[in-house]
Amino acid sequence: NKPPGKSARVTAPEYKPQKVVYDVHVKTVAAVESVLDRASYLSSITGADPFDQSIVLVLHGPELSFFAIKNYSKYKSLMQRAQSLVESEALTIKMCKIAAQSQGYAPKDIHGFIEIIPMGDAEIIRLQHEENHAYMQ
C-alpha cells in the first residue's frame, strides 16, 4: 500500500497588499483566535502596509460576547491580542450594532478598539462592492 506519487511541491509567490473582509460569525474563542491568526499572517506576508492594504473583521455572531467589557477578565488574552493587532494597524475590527443589541449589548458595553457599524451584512457588501475587498469566511 504505497502513497500516490511524490511529496507536495512548495511554491513561493510574492503577495501584494490586499483588501480583505472576514465575515466572522463563530462560537468559540479558538475560532476567533484562528481568524486573528489568519488575518495577522495575511497582513505580515503582504507587507503590513496600512496605506496599501485593508484587513477588516466584521463580527456579527456569538463571538460578540468575548468583546464585551464585562467579560474582559474571562477573555483577557484574546482581547489584548485583538487590541494589539488593531493598534498596530494590521487590521480593523467592526461589530454589527443589530447583532450586539440582540445579545443585550450597547456600544458603551464593547471595548473601545472595536468600531460599531449599523449592520454587519450591509458593511460586508459595502466593503466588497464599493471598496473592492475580497470576501473571506
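Biologist: What should I know before we start?
Modeller: The model is predicted, so local features need pLDDT of at least 70 and side-chain atom pairs count only at pLDDT 80 or more, while totals for chains, interfaces and linings use all residues. Residues are numbered from 1 along each chain as its sequence is written, and side-chain values use heavy atoms, with hydrogens and water left out.

Biologist: OK, what is the strand order in the sheet?
Modeller: The order is β4-β3-β2-β1-β5, in an open sheet of five strands with parallel pairing. Strands are DSSP runs of E with at least two residues, numbered from the N terminus, and two of them pair if DSSP finds at least two bridges between them.

Biologist: Which strands stand at the edges?
Modeller: β4 (115-117) and β5 (134-136) do; each has a single partner strand, so one side of each is left without a neighbour in the sheet.

Biologist: How many bridges join β1 to β2?
Modeller: Six, with β1 covering residues 19-24. V24 stands opposite L59 in β2.

Biologist: And how many join β2 to β3?
Modeller: Four, and these strands also run parallel. Here V58 stands opposite K94 in β3.

Biologist: What about β3 and β4?
Modeller: β3 (residues 92-96) pairs with β4 in the parallel sense over three bridges. The bridge partner of C96 is I117 in β4.

Biologist: Why is β2 called largely enclosed?
Modeller: Five of the six residues of β2 (residues 54-59) are buried, so the rest of the structure largely encloses this strand. Buried means under 20% relative accessible area, exposed over 50%, and partly exposed in between, using a 1.4 Å probe and protein chains only.

Biologist: New topic. How many aromatic pairs are there?
Modeller: The structure holds one. F66 and Y75 form a tilted pair, 4.6 Å centre to centre with 55° between the planes. Rings of Phe, Tyr and Trp (its six-membered ring) pair if their centres lie within 6.5 Å; planes under 30 degrees apart count as stacked, over 60 as edge-to-face and the rest as tilted.

Biologist: Are F66 and Y75 buried or exposed?
Modeller: Both are buried.

Biologist: And Y41, where is that?
Modeller: Y41 is in helix α1 (residues 29-45); a helix is a DSSP run of H or I with at least four residues. Y41 counts as exposed because its relative accessibility is 55%.

Biologist: Which residues make the nonpolar surface patch?
Modeller: Y15, Y41 and I45 make this patch of about 330 Å². Patch residues have over 30% relative accessible area and no salt bridge; like charges are joined within 9 Å, and nonpolar side chains (Val, Leu, Ile, Met, Phe, Trp, Tyr) within 5 Å. A salt bridge is a side-chain nitrogen of Lys or Arg within 4 Å of a carboxyl oxygen of Asp or Glu. Accessible areas come from the Shrake-Rupley method with a 1.4 Å probe, and for residues only the protein chains shown count as cover.
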